[in-house]
Amino acid sequence: MRCYIIARCVSVLAVITLTEVSLAGCSGNAPSSTTGGSVVKIGSDLPVSGGDASDGVPTANGVKLAVIDANKRKLIPGYTVVASVVDDAVNGVHNPSQGAKNIQAFASDSAVLGVIGPFNSNVAKAEIPLSNSLGIALVSPANTNPDLTKGSLAQQLRTTNPNEITYFRVCTTDDIQGPAGADYAVQVVKLKRAYVLDDNETYGKGVADQWAAQFQKDGGTVLGHDHITKGQQDFHALLTRAASLSPDVVFYGGTTSTGGGLVRKQMADAGIGNIAYFGADGVRNEQFLTDAGNAANGSYATVATVNAAKIPAAQAFLKEYQAQFNQPVGSYSANGYVAAMTIIEAVASAMKDAGGTFPTRAQVLDQLRSGKVHHSIIGNFSFDKNGDTTNKIISIYGVRSGGWVFLSQKNYAR
Amino acid sequence: MPDLHQFAQQLINGIALGGVYALIALGYTMVYGIIELINFAHGDVYTLGSYFSLSILALIPLSKYTQGWELWVIAIAVILLAALLCGIVGVLIERLAYRRLRNAPRLAPLITAIGVSLILENIMQIWKGTSEVSFPQFLPDHVHVLGGVGFHDRAVLVVAVSLIAMTALNMLVFRTKLGTAMRATAQDRDAAQLMGININATIAWTFFIGAALAGVAGFISGIYYGTTFFLNGYQAGLKAFTAAVLGGIGNITGAMLGGFLIGIVEAMTSQYISDQWTSVVVFSILILILVFRPSGLLGEQVPEKA
């Protein structure tokens, strides 16, 4: 009898867990409703709360700045551009089903002509099919998983119109970012023995596999590859096992919100606090420094875009960013700005072609697909036939005395 | 002997992790033992313990000149205060959410418990946000090496605190008047009432003690990990519940044993199988125990029904 009761409790709990997940999905902010008239709306779908906020908020700030600029320079004559910023994080972590809901809400607002986002590749996987079927442009500032645009996997995401590109991105991809990081680890930092971890997400696992493959190609040894679980707090056992293989670097594929900072912090407890830690763009944020505390020093991370501080054309943007928000520029702030600008420019020229009338979403998409060159603050680029940027720059950062500093960058464009 | 060292090292990891589970499991097991309610809000009371400790620590002017015994006095004061606050929350939960449902069908209080859990999670989310919150690591932390196996003061603290808590709890339950009242209530509520035992007060005390232990667990896990997160209690609560079932629900020693075993199983799974399988292994144990040995390793101690 007693065991029956406990078994029943467990089954009730399982049901509740499921409902909790679906309820949690409802907690995001809904975009504001149509105002019509002389307003052009640009949606922004990024994780702006919780552990991902230190990536999402600076990127969303870039979007806001683009909108301010567009209105100041009257890029769309007769119309006011408005940014509609929503959150795709649930309980502090980016959430694919929340992202999908946001896209649907944007699509139902006829004033929204394009959406910036998302930040995380697993969210993109949920959003691309909707963007494709609803015919609304989605421009990501930061998704790096290659399978979102290239090959048969990307084809499968475009469920309704497999040959119509509706998803674009202004950053480069993990088939370049991963190997670039591994090259730097082997050739510059002189690392030889790696233990690889990832968070089992689209982005994390993808970039970890790419990094590990190149690390071996460059002559390094991959001692092991393990995966962590979302919500995990204790990594002592995992890192103790890693430590026994005497690695000189731990690679982590994933974001800070899925455990990147905690892994770095607990490496010290396992006796490997003094070895290098390598990550990719998911950990190059302020939250990583907060989570890892003093242990953050000696960490490296790649970012799949240029460092805006190194580009003369971006200086005005950086100054304005500082004046407007008074907080550190994120890895993808400039990309947020550029992503928004590509949509705003597409709307402007679509409107011009349509003789000054409010363009359709299809007309905006046609502009983005035209392959024309964008002169942006992160350099000149165009979107190729898959929707990827022709800009292939990877920058590398490291933590020195508690802060991220720029180390180098390299152009991988052929 | 690297393999043996590795095993010993993982044993220490597992025992430290298990210490936290054990402290939480004690609260589950006590409440189940007395009113047969699986208090699913208990895991969140544990997280609340970390958050209370954080707020108390923020009030104490810690400087780098504070050292030695002063730090330990502060630590003990924070533990006691956090335990007291959590205890009060526990009593409030019992009074507001469970007492009216004491004679209702079993499913009603269970669902209420899950509701309370969600309420607590949301309160914590509003209170400290949805990011990881860092926990000040103000206690001295040395690494000791014993026969090639290293362990931190923090790990010793976790284990020591959980052992002290279990001993104190055992003494309370078996040596004091309150403990006798608790056991009498657990055995037969009506008969206990006829003997002049104040049932409501006894049950309230049970909740107080269970929640206070969760508060202690919240503090030491904050010290051990250096961070806390508003949803930590959910996973930890489930694992601790598994520990309580493994040891025999209602059984205090069993809950402790179960907690340590679950911690060790997790560490060993991570070492010899793969880290991503830890939850699978732990919850498979829960299912196996429920199927083959529903009364747990040490046997359940629950109300006797005529």
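Trainee: At roughly what angle do the axes of α6(A) and α7(A) cross?

Mentor: The model is predicted: local features need pLDDT of at least 70, side-chain atom pairs count only at pLDDT 80 or more, and totals for chains, interfaces and linings use all residues. Residues are numbered from 1 along each chain as its sequence is written, while chains are lettered from A and ligands numbered from 1 in the order in which they are written. Helices (H or I, at least four residues) and strands (E, at least two) are DSSP runs, numbered from the N terminus. The axes of α6(A) and α7(A) (lines fitted to C-alpha atoms, for helices over the stretch in contact, with angles from 0 to 180 degrees between N-to-C directions) come within 8 Å, and the crossing angle is roughly 45°.

Trainee: Which residues of α7(A) does α6(A) meet?

Mentor: Contact means that the C-beta atoms of two residues, placed from the backbone, lie within 7 Å. On the α6(A) side the residues include Asp174(A), Gln177(A), Gly181(A) and Val186(A). On the α7(A) side they are Gly206(A), Val207(A), Gln210(A), Trp211(A), Gln214(A) and Phe215(A).

Trainee: Which strands do these two helices lie across, and at about what angle does α7(A) run to β10(A)?

Mentor: Helix α6 of chain A, residues 174-187, lies across β10, β11, β12, β15 and β16 of chain A, at about 50° to β15(A). Helix α7 of chain A, residues 202-217, lies across β8, β9 and β10 of chain A. The angle between α7(A) and β10(A) is about 145°.

Trainee: In the open sheet of 7 strands, which are the edge strands?

Mentor: Strands pair if DSSP finds at least two bridges between them. The order in this sheet of chain A is β9-β8-β10-β11-β12-β15-β16, and its pairing is mixed. Pairing on one side only marks the edge strands of chain A, β9 and β16.

Trainee: Which residue of β11(A) does Val250(A) stand opposite?

Mentor: Strands β10 (residues 249-253) and β11 (residues 276-279) of chain A run parallel and are joined by 4 bridges. In β11(A), the residue opposite Val250(A) is Tyr277(A).

Trainee: How far apart are the C-alpha centres of domain 1 and domain 2 of chain A?

Mentor: Domain bounds come from an automatic or database domain assignment. It divides chain A into domain 1 (29-172 + 310-383) and domain 2 (174-303 + 395-411). The distance between their C-alpha centres is 29 Å.

Trainee: Which element gives the most to the side of domain 1 of chain A that touches domain 2 of chain A?

Mentor: The contact takes 20 residues from domain 1 of chain A and 20 residues from domain 2 of chain A. On the domain 1 side, α2, β4 and α4 of chain A each supply at least two residues. The element that gives the most, with 3 residues, is α4(A).

Trainee: Which strands does helix α12 of chain A lie across?

Mentor: An open sheet of 5 strands in chain A has the order β2-β1-β5-β6-β7, with parallel pairing. Helix α12, residues 333-353 of chain A, runs at about 160° to β5(A). The strands of chain A that α12(A) lies across are β1, β2, β5 and β6.

Trainee: Which element gives the most to the side of chain A that touches chain B?

Mentor: Here 38 residues of chain A are in contact with 38 residues of chain B. In chain A, α1, β9, α8, α9 and α10 each supply at least two residues of that side. With 9 residues, the element that gives the most is α1(A).
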